[in-house]
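Here are my notes on the entry you asked me to look over. Please read them with the structure open beside you.

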Amino acid sequence: MSTIDLGRNKVIDESIQGEATIIQAEGQKNGKKLYVESYGCQMNFSDSEVVASIMTKEGYETTRNMDEADVVLINTCSIRENAETRVRNRLTEFKKKKEDNPGLVVGILGCMAERLKKSLLEEEKLVDLVAGPDAYRDLPNLVNEVEGGQRAVNVLLSRDETYADISPVRLDQGGVSAFVTIMRGCDNMCSFCVVPFTRGRERSRDPQTIVKECEELFQNGYREVTLLGQNVDSYRFNLSSKGEIKDVNLPTTNFAQLMEMVALISPDLRVRFSTSHPKDMTDDVLQIMAKYENICPYIHLPVQSGNTEVLARMNRGYSREWYLERIEAIRKYIPDCAISTDIISGFCGETEEEHQDTLSLMDLVQYDYAYMFKYSERPKTLAERRFEDDVPDDVKSRRLTEIIDKQQKHSLLAHQKQVGRTDKVLIEGLSKRSKEHICGRNGRNAMVVFPINGYDWKKGQYVQVKITDCTSATLLGEIAE
Ligand code: SAH
Ligand code: SF4
Ligand code: F3S
């Protein structure tokens with residue numbers, strides 16, 4: 001039941017959702033049931049699968065019914081204030097459940113756990129257990145401590161934890177598309193962003209374990225993997241940030257090489273990745289994308305703002321011109337590439353002219369999709385310490401609306417350009433709206449819906465579809481074979 005939408009054109013502020021992790025337990029059971037709910041980015045959903053794996057090894061069975069759970073864990077996000085508000089409301093509901101069932105263990109995981117640490121236990125008394133993103137191996141001990149009558153906290157961040165050896169238990173067994181975390185943390189310090197504080201230093205996972213996990217997914221019927229990291233372009237294994245080799249006896253791997261290793265598993269395994277960073281995305285990544293048909297022609301390249309001064313205040317490390325040059329490079333190597341972005345409206349000090357620069361950059365790039373947000377000040381970030389959050393809320397909202405309206409037009413245009421083409425689509429299943437239609441994505445990550453018309457279809461199968469019509473959200477077509 002838990003699907004994660006990667007490239008849809010919607011405002012994420014409205015779509016941070018809780019999803020229950022459902023996995024069948026394997027091995028010796030301890031008679032206890034675990035319920036995990038996840039919020040935030042794909043990395044959090046991926047982490048919940050690691051957590052489920054650790055806990056099922058301990059004998060827990062997972063359940064989608066919170067009322068029968070002995071342990072309830074909520075994996076949380078801090079990226080914007082409303083993400084935290086949603087979790088707080090949920091925790092208040094859990095607290096009520098605990099009044100009826102005092103033996104219930106309630107734990108908070110993820111970015112809010114890391115940001116708020118003990119205060120969730122002590123001042124707010126909302127939970128029994130707090131575990132940060134690098135502390136999940138310790139969860140069985142922490143739960144034991146709580147069962148022994150104590151409150152338990154582990155929010156230590158690590159320089160090297162990548163959970164490389166833990167095979168995540170997949171949410172949607174029998175699924176088609178899976179997320180594979182290739183790195184953790186972030187070293188970038190964009191001034192608006194809380195992630196470096198909640199996720200710690202950047203570290204890359206051993207490429208052999210990544211390839212092995214992708215091979216196993218392929219053998220189990222998956223046909224698409226998305227390689228995940230906050231900044232995949234700075235993936236490096238056995239290389240220091242200055243490019244020096246750490247161990248001369250081991251091979252080194254950068255992101256382009258890793259992507260090639262995964263692409264070579266099978267031409268029938270689609271490869272996607274997220275997120276690229278404009279300051280770090282190099283031509284060798286684009287060249288590898290152009291070389292392999294199974295690496296999807298789709299890049300998520302968050303711009304945040306179209307104005308160079310705002311970008312400098314954001315500490316993004318690139319200018320408007322640099323960003324536009326990177327877009328040109330994408331179009332040169334992969335003319336057909338879909339491009340999406342993230343945009344923040346009303347960052348500290350943003351003038352009307354600076355906002356207009358964002359709109360004009362959107363006109364120049366014509367993104368296929370965008371995730372658009374109002375700036376939300378986060379405690380401890382550089383922006384909170386250095387700048388005033390001085391754009392009034394109604395101005396932030398109005399600018400956001402202008403950005404969304406423009407994007408809607410561009411999304412429709414991008415889809416209209418695809419009408420008349422024939423595309424390879426990976427079938428994901430029946431359309432949500434009609435039993436006579438099936439759906440799947442093309443390489444550009446657009447959702448394509450088409451009638452079955454007696455076709456003997458299977459989930460995870462590729463099919464050629466002629467695109468006949470579209471909306472700003474979906475392509476409509478018919479099977480061309
Ligand atoms: N690592 C990715 C983004 C991770 S967070 C990158 O560098 O692009 C996802 C998006 O949330 C960001 O791209 C940004 O647009 C948005 N975001 C982050 N902090 C925010 C804040 N304080 N207020 C509003 N939006 C924010
Ligand atoms: Fe946050 Fe910037 Fe790191 Fe992305 S690159 S996670 S926006 S600090
Ligand atoms: Fe949210 Fe943490 Fe992801 S703050 S966006 S869950 S890295």
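Predicted model: local features only at pLDDT ≥ 70, side-chain atom pairs only at ≥ 80, totals over all residues.

The points below cover the ligand site, some backbone features and a barrel.

1. Surroundings of the ligand. Ligand 1 is surrounded by 15 residues, and the closest are Phe192, Gln230, Gln304, Asp342 and Ser376. By type, the shell around ligand 1 consists of six nonpolar, four polar and five charged residues. Two strands contribute to this shell: E16 (338-345) and E17 (369-374) each provide at least two of its residues.

2. Polar contacts of the ligand. Two arginines come up here. The side chain of arginine 80 has an N or O atom 3.2 Å from an oxygen atom of ligand 1. For arginine 316, a polar side-chain atom is 3.2 Å from an oxygen atom of ligand 1. Glutamine 230 takes part through its backbone: a polar backbone atom there lies 2.8 Å from a nitrogen atom of ligand 1. Ligand 1 on its own would expose 550 Å², and the protein buries 90% of that area.

3. What to expect of a backbone. Most peptide bonds are trans, and most residues other than glycine have a negative phi. The next two points list exceptions.

4. A cis peptide bond. The bond between serine 274 and threonine 275 is cis, with omega at about 10 degrees. Threonine 275 belongs to the loop that runs between strand E14 (270-274) and helix H9 (283-291).

5. Positive phi values. Methionine 189 has a phi near 55 degrees, which is positive although the residue is not glycine. Where does methionine 189 sit? It is in the loop between strand E9 (183-184) and helix H6 (195-199). Lysine 380 also has a positive phi, near 80 degrees, and is likewise not a glycine. Its place is the loop between E17 and helix H13 (382-386).

6. Buried or exposed? The cut-off for exposed is over 50% relative accessible area. Lysine 380 has 53% relative accessibility, so it counts as exposed. Methionine 189, with a relative accessible area of 30%, is partly exposed.

7. The barrel. Five strands form a closed barrel in the order E18-E19-E20-E22-E21, and their pairing is mixed. From one strand to the next, the twist averages 50 degrees. One of the pairs is E18 (residues 422-430) with E19 (residues 437-441), which is antiparallel and has four bridges. To find this pair on screen, look for leucine 430, which stands opposite isoleucine 438 in E19.

Key
Residues numbered from 1 in each chain as written. Chains lettered and ligands numbered in written order. Heavy atoms only, no water. Near = heavy atom within 4 Å. Polar contact = N/O pair within 3.5 Å; in protein donor to acceptor, adjacent residues only side chain to side chain. Areas by Shrake-Rupley, 256 points an atom, 1.4 Å probe, with all protein chains shown as cover. Nonpolar A, V, L, I, M, F, W, Y, C, P; charged D, E, K, R; others polar. Buried < 20%, exposed > 50% of the residue type's maximum accessible area, 1.4 Å probe, protein only. Pairing = 2+ DSSP bridges. Axes fitted to C-alpha atoms, helices over the stretch in contact; angles between N-to-C directions.
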